[in-house]
Each structure stands twice: as structure tokens, then as C-alpha cells.
Amino acid sequence: MTTAKPAVDRAVGNTPVLWIEDPLTGPPHGFWAKLEGFNPGGMKDRPALHMVARARERGDLADGAPIVESTSGTLGLGLALAGIVHGHPVTLVTDPGMEPIVRRMLTAHGTRVDLVTEPHPAGGWQQARRDRVRRLLDEQPGAWCPDQYNNPDNVDAYAGLADELATQLGRIDVLVCSVGTGGHSAGVFRVLSRYFPQLRMIGVDTIGSTIFGQPATTRLMRGLGSSIHPRNVDYAAFDEVHWVAPHEAVWTCRRLAATHHATGGWSVGAVALVAGWAARTEGPDVRVAAVFPDGPQRYFDTVYNDEYCAAQGLLGQRPTAPATIDDPAERVVTSWTRCRKVVDPA
């Protein structure tokens with residue numbers, strides 16, 4: 001008698017939504033948050049499984065062939081899951097900024113973690129990781145890279161998330177999404193705008209990111225932002241962009257935890273801050289929805305560590321409202337700032 005392999009991928013999707021209000025919005029305002037931290041590894045379980053499945057269908061990824069990818073953490077957890085489901089060894093290239101707990105969990109899930117030690121002089125850690133991925137692919141005939149930054153399957157993977165949101169909320173007027181690879185913002189907006197043609201989207205980036213035309217600098221926050229220009233970013237879909245600083249994300253994450261018992265990491269803090277602002281400033285009949293990409297588990301040594309946050313100067317600074325600039329090139333932003341002009345810097 002044989003035992004069927006557990007279909008752990010069935011645990012991905014159908015995540016809940018939660019109504020968020022005080023202290024981020026003030027009564028009677030609020031917004032709906034899609035809690036992607038209820039997936040086994042977070043939101044990027046969706047594209048990891050989808051990209052691997054599509055590559056196998058096309059014949060780009062043979063049975064048992066290696067998967068090699070660059071990651072700062074969440075996609076790595078998703079690819080570890082996809083490797084287990086489909087029977088592929090997984091090598092993940094990361095850098096010293098990855099939280100130790102994530103590195104340990106990736107190893108526990110059976111992946112090989114390859115650490116780059118020097119940033120690229122122009123493209124930073126991301127480009128250094130991508131260069132290492134290319135070398136590893138050359139060394140392993142038959143190995144496949146999902147290339148999350150440019151793979152259109154990354155965008156298509158979020159159709160299910162959008163369908164769930166449409167069913168759960170019935171109407172959405174404003175969507176708030178963090179932007180890193182550009183996959184989930186492009187994919188969710190593409191499908192939701194078919195349900196709701198008047199939908200507007202606000203992008204949330206980190207200071208020090210080059211995605212929306214700011215200069216690339218050293219970034220403390222992981223999971224959003226980029227030192228390169230991913231082709232999956234759908235610039236035309238955004239009505240405006242907000243840049244958020246680490247201390248502002250930390251304050252928001254901790255307030256969410258204390259008031260709603262639902263929180264997450266850097267991206268969640270940044271998105272919740274901006275979604276709360278949108279809920280306050282839009283009309284009372286405007287329905288705002290935000291995607292929370294993960295939960296708090298991987299951030300115990302950073303966002304939720306008092307010693308770490310104190311050493312980085314991240315405590316005791318409550319954000320109030322964003323500054324406004326008319327053009328991304330107007331000045332380098334160092335704290336919460338919004339811009340209605342969205343251009344592709346590439």
C-alpha cells in the first residue's frame with residue numbers, strides 16, 4: 001500500500017481579509033487588508049508554485065532539474081515549497097541582509113543557501129545576487145531560474161488573489177500595494193480592474209529604491225524596493241507612489257500588532273501606513289483595500305527587536321502625513337513622501 005504525498009500546496013490561497021481602523025485611520029474610517037501571511041510562507045507562495053508549474057508544462061524545467069533564484073526571503077520560502085511539491089532541488093542566492101531566521105528555515109526546508117558577500121558597484125546586492133545566479137546556471141546544465149523580476153508568469157500568478165478579493169469585498173475603489181519585483185501589483189490590478197473599471201492603485205516603495213525614479217541607496221527594509229528596474233512593474237497602472245522610511249514602517253507594524261493582533265514585516269508596515277492615509281483622506285464611501293504580503297514571523301530579529309530598532313534609530317517616531325513632491329527627480333526623499341507623477345525611470 002502506498003501513501004499519497006501530502007498536497008501542501010493546497011494550503012496556499014483563500015486568505016482572509018481584516019478591517020483595519022484606529023489608530024491608523026481614525027473613526028469612522030478604515031480599510032480592508034488581505035492577510036497573505038496566512039499562506040505557509042507568505043504571498044510569494046503563489047508565484048513560486050505558478051512559475052514552477054508553468055515552466056514544467058512548457059518543458060523549460062525537466063523533472064528533478066535544479067531551480068536557482070535570487071531572493072531576499074519570501075520568494076525563497078515559496079520556492080522551497082514548490083521544490084518539495086514538484087521534486088526539485090533548490091538553490092537560493094541571497095546576501096547578508098537576509099534575516100538569520102529565514103536562512104535557517106530555508107535550510108530546514110531542504111534548500112541550499114548561497115550567500116554573496118560583496119554588493120555590485122552599481123546594482124547593489126540585487127545585481128550581485130543575479131550575477132551569482134547566472135554563474136550557478138552555467139555550472140549546472142539543465143538548471144532553471146524563475147527570474148521573478150521579469151517573468152510574466154510572476155504577474156499571472158496573482159489572478160487568484162484578485163479573484164478572492166473581488167469575491168470577499170464586492171467592490172474596491174482604491175488598491176494599495178507594495179512594489180518590489182512588480183509582480184503582485186501588476187497581477188492583482190490587471191484582474192481587479194476587470195471587475196472594477198474605475199479602480200485606482202497606489203504604489204508603496206521604500207526610500208533608497210530606484211523603481212520610481214529615486215536614486216538607489218543602501219536600503220534597510222527588505223521585501224519591497226529595488227536597485228534595478230524590474231520589467232514586471234506596470235507603471236501605467238499607478239495613480240501615485242509613496243516612499244516610506246524604516247522607522248515609519250516599524251511604528252505601523254507595532255501599532256497593528258497592539259490594536260488588531262494582525263501584523264507583518266516591512267512591507268506590511270509601509271502598506272498599512274499608506275492605506276490608512278488613503279482611508280482618512282478619501283471620501284467616506286470610497287472602499288480601500290491593501291495587500292499585506294506576509295506575517296511577523298521572520299521579523300523577530302528586526303522589526304520586533306527593541307535592541308535592533310534602537311540601534312538603528314527606528315523607535316519613538318510616529319508618522320503623521322506624507323510630504324508631497326511634484327516629480328520623482330525633485331529631491332531625494334528620506335521619509336514618507338508621495339508623488340502623483342509616476343514614470344518609468346528606465
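**Exercise 1.** Determine which side chain T181 makes a polar contact with, and whether T181 is buried or exposed.

*Solution.* Step 1: locate the residue. T181 lies in the loop between β6 (174–178) and α7; helices (H or I, at least four residues) and strands (E, at least two) are DSSP runs, numbered from the N terminus. The model is predicted: local features need pLDDT of at least 70 and side-chain atom pairs pLDDT 80 or more, while totals for chains, interfaces and linings use all residues. Residues are numbered from 1 along each chain as its sequence is written, and side-chain values use heavy atoms, without hydrogens and water.

Step 2: find the partner. The side chain of T181 makes a polar contact with that of N154, at 3.2 Å (a pair of N or O atoms within 3.5 Å, one able to donate a hydrogen and the other to accept it; residues adjacent in sequence count only if both atoms are side-chain atoms).

Step 3: check accessibility. T181 counts as buried because its relative accessibility is 8% (buried is under 20%, exposed over 50%, partly exposed in between, with a 1.4 Å probe and protein chains only).

**Exercise 2.** Describe the packing of α6 against α7.

*Solution.* Step 1: α6 (residues 159–169) and α7 (residues 183–195) pack at about 35°, their axes 8 Å apart (axes are lines fitted to C-alpha atoms over the stretch in contact; angles run from 0 to 180 degrees between N-to-C directions).

Step 2: contact, meaning heavy atoms within 4.5 Å, involves residues including L161 and L165 of α6 and V188 and L192 of α7.
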